[in-house]
Amino acid sequence: ASQIQLLVPDLLSTNTQVMPLISILERLSTMEETVVRDEAVKAVNHVAPYVTDFTQLTQMVKRLVAADWFTAKVSAAGMCPKLFEVTKEDDLRYVFRDLCQDDTPMVRRSAAKNLGSFLSQLSFEKVQELQPILEHLCGDEQDSVRLLAISSLAQIGAKFKPDWTTQVLLPLVKQGSTDLSWRVRHNLAKAFSDVAISLNLNDNYPTQKKLVMSCFVALLQDQEGEVRAGAVNHLAQMVHWGGATLFTSHIQALLPALADDVVVDVRSKCALALMDSSEGGTLPDEMIVRSFTPLLENFLQDEYSEVQLHVLNNLSRISHLLNQMPDVVSNIISMSKATNWRVREGVAQLLPHLAEARGMDFFSSVLQEPAWMALLLDQVCDVRYACVGGVSKLCLVAGDDWIVQSLLPQHIKIYELSSNAYLMRMTILRAHAEMATATKTGHLFFQVIDQLLRGIVDKVANVRMVASMGLLKVIKDGECDQDVIASKVKPAIEQALASEEDIDCQHLFSDCLNAC
């Protein structure tokens with residue numbers, strides 16, 4: 001079955017060529033093994049667009065539905081959406097309806113799984129005809145059927161008017177949010193924002209929007225951790241969907257409990273959701289500072305690094321508010337000495353944003369020595385490179401004069417004191433290259449170019465390679481001072497190439513000269 005999918009359309013593409021495959025796939029779709037049946041259904045759905053004899057496809061599905069054993073019916077349910085899309089045969093609607101009402105739970109489960117993709121292709125009148133089927137599956141006695149039917153709501157309501165979705169789909173959402181089976185609630189929670197959006201509610205339906213948000217709140221407070229985690233995953237989308245008013249009235253009061261949840265996955269996803277919620281302008285800055293600051297402090301002090309990292313890696317989104325969050329900044333500074341290197345890497349990425357938010361006086365007095373310099377000399381390469389990656393941002397924030405007076409001398413000193421630590425010299429040279437491409441010209445540019453040229457005569461080949469790659473980056477930038485490149489960089493590289501013995505360095509030096 002999987003190989004047949006490779007034959008079409010590369011080798012077989014016409015109706016005459018493809019039709020013999022249909023009978024083979026029909027037999028495979030009745031097999032006992034689930035894996036075989038699933039591949040056969042995928043193959044039929046793949047081949048169907050190349051079949052022009054629609055009658056044969058419809059007859060095949062009818063034969064599968066009429067089979068004595070449930071396996072064929074399960075396969076038929078998986079084929080119906082695609083075959084209806086291709087053929088537009090009304091008979092398939094009645095076939096699918098019969099599958100939804102089958103006595104065997106496995107068949108109804110397969111029908112419920114494909115319910116959304118099938119109904120989404122129908123007109124409003126035809127969906128109304130199958131409305132009792134939708135309601136029946138969402139209330140099926142088997143929770144394995146209900147959970148699939150309830151998640152299909154996200155696909156059904158998108159193209160219909162809110163008058164119908166509020167009357168038909170909204171009661172099903174409410175029913176699913178209070179279902180006795182946690183698996184049903186979990187499946188609804190995993191798709192909740194998509195379901196809410198598909199209801200097409202606008203500002204003319206405030207009562208209905210409040211009801212949807214109440215259902216979401218019920219899932220956020222669910223007794224099962226898996227349900228809460230699934231719901232929290234959609235927290236940011238629901239904040240943007242409901243706006244600041246519904247956030248204040250329904251969600252804001254729940255955040256402390258979610259931030260202290262006993263389940264790590266809930267806390268971790270809540271931390272990420274808060275950062276996502278702060279973007280887009282849905283919530284005013286004052287509300288973000290007032291509501292999120294205590295929560296961010298808790299997340300940064302969490303015992304699990306995954307929770308901390310979700311905040312650290314996304315805190316740059318609200319860097320303009322950090323000057324109003326002094327306790328959050330204090331926590332970040334203390335985390336520069338964390339034992340987990342990924343946490344230190346996250347702090348290193350944030351430092352330029354802190355400089356932008358709190359000013360260079362704060363950076364010089366509080367961050368430069370205990371945080372920036374310590375992380376630049378970190379034993380883990382990724383932490384050092386996180387500092388290097390922030391150099392260009394720091395140059396833009398601080399300005400050339402501050403870099404020349406306060407930062408560059410320290411970098412040069414590290415380079416000079418690292419005669420036995422070539423990895424540190426490589427780190428400093430990478431930082432110099434970032435400074436050069438950030439400043440483009442001027443006194444800072446001249447000084448870092450001198451340091452990069454110093455690197456191409458280093459005693460270690462790896463250091464010379466890093467220096468040449470930095471110079472190549474400057475040359476290819478296109479906006480850097482071309483006079484300096486022509487008068488100083490090019491002659492120095494030519495001189496270094498003449499005496500270079502390492503073949504890799506020779507290659508990089510040649511690349512630099514070719515780019516000049």
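Figure 1. Phe 124 is partly exposed, its relative accessible area being 30%. The structure shown in this and the following views is a predicted model. Trp 164, by contrast, is buried, with a relative accessible area of 7%. Eleven aromatic pairs are counted in the model. Phe 124 and Trp 164 make up an edge-to-face pair, with 5.8 Å from centre to centre and 85 degrees between the planes. Because Phe 124 belongs to helix H9 (residues 124-129) and Trp 164 to helix H13 (residues 162-177), the pair ties together parts that are 40 residues apart in sequence.

Figure 2. The description of a pair of aromatic rings rests on the distance of the centres and the angle of the planes. For Trp 69 and Phe 70, the ring centres are 5.2 Å apart and the planes stand at 55 degrees, so this pair is tilted. Trp 69 counts as partly exposed, at 48% relative accessibility.

**Figure 3. Arginine side chains placed over aromatic rings.** Arg 93 lies over the face of Tyr 94, and its distance from the ring centre is 5.1 Å. A second example is Arg 358, whose charged end sits over the ring of Phe 362 at 4.3 Å from the centre of that ring.

**Figure 4. The largest pocket and its lining.** The largest pocket holds about 370 Å³ of space. It is lined by 15 residues, of which Thr 34, Asp 38, Val 74, Ser 110 and Lys 113 are the closest to the pocket centre. At least two lining residues come from each of helix H3 (34-47), helix H5 (70-87) and helix H7 (105-113). H3 provides the largest share of the lining, with six residues. Sorted by class, the lining comprises six polar, five charged and four nonpolar residues.

**Figure 5. Helix H17 and the helices that cover it.** Helix H17 (residues 225-232) is largely enclosed by the rest of the structure, because seven of its eight residues are buried. The buried residues of H17 are Gly 225, Val 227, Arg 228, Ala 229, Gly 230, Ala 231 and Val 232. Their cover includes helix H14 (182-190) and helix H16 (206-220), together with helix H18 (235-251), helix H19 (255-259) and helix H20 (264-277).

**Figure 6. The surroundings of His 411.** His 411 is situated in helix H28 (residues 400-417). The residue is buried, with a relative accessible area of 0%. When neighbours within four places in sequence are left aside, the contacts of His 411 are Trp 372, Met 373, Leu 376, Ile 428, Ala 431, His 432 and Met 435.

**Figure 7. Two loop residues with positive phi.** Asn 200 is not a glycine, yet its phi is positive, at about 60 degrees. Asn 200 is placed in the loop between helix H15 (192-198) and H16. With 28% relative accessibility, Asn 200 counts as partly exposed. Lys 440, also not a glycine, has a positive phi of about 75 degrees. The loop that holds Lys 440 runs between helix H29 (422-439) and helix H30 (443-455). Lys 440 is partly exposed, its relative accessible area being 21%.

Figure 8. Val 397 forms part of helix H27 (residues 391-398). This valine is partly exposed, with a relative accessible area of 25%. His 353 is 44 residues from Val 397 in sequence, and the two are 8.7 Å apart in space, C-alpha to C-alpha. Apart from neighbours within four places in sequence, Val 397 is in contact with Pro 352, Ala 355, Glu 356 and Met 360.

**Figure 9. Asp 483 and its separation from Thr 441.** Asp 483 is located in helix H32 (residues 482-499). Its relative accessible area is 62%, and Asp 483 is therefore exposed, as values over 50% are assigned to that class. Thr 441 and Asp 483 are 42 residues apart in sequence, whereas their C-alpha atoms are 9.8 Å apart in space.

Key:
Residues are numbered from 1 along each chain as its sequence is written. This is a predicted model: local features need pLDDT of at least 70, side-chain atom pairs count only at pLDDT 80 or more; totals for chains, interfaces and linings use all residues. Side-chain values use heavy atoms; hydrogens and water are left out. On a 1 Å grid over the protein atoms alone, a cavity is a set of points where a 1.4 Å probe fits but cannot get out, and a pocket is an open set with protein on both sides within 12 Å along at least five of seven lines; lining residues have an atom within 4 Å of a point. Grid points are joined across faces, edges and corners, and a volume is the space filled by probe spheres set on the points. Helices (H or I, at least four residues) and strands (E, at least two) are DSSP runs, numbered from the N terminus. Ala, Val, Leu, Ile, Met, Phe, Trp, Tyr, Cys and Pro count as nonpolar, Asp, Glu, Lys and Arg as charged, and the others, Gly among them, as polar. Buried means under 20% relative accessible area, exposed over 50%, partly exposed in between (1.4 Å probe, protein chains only). Contact means heavy atoms within 4.5 Å. Rings of Phe, Tyr and Trp (its six-membered ring) pair if their centres lie within 6.5 Å; planes under 30 degrees apart count as stacked, over 60 as edge-to-face and the rest as tilted. A charge sits over a ring if NZ of Lys or CZ of Arg is within 6 Å of the ring centre and within 35 degrees of the ring normal.
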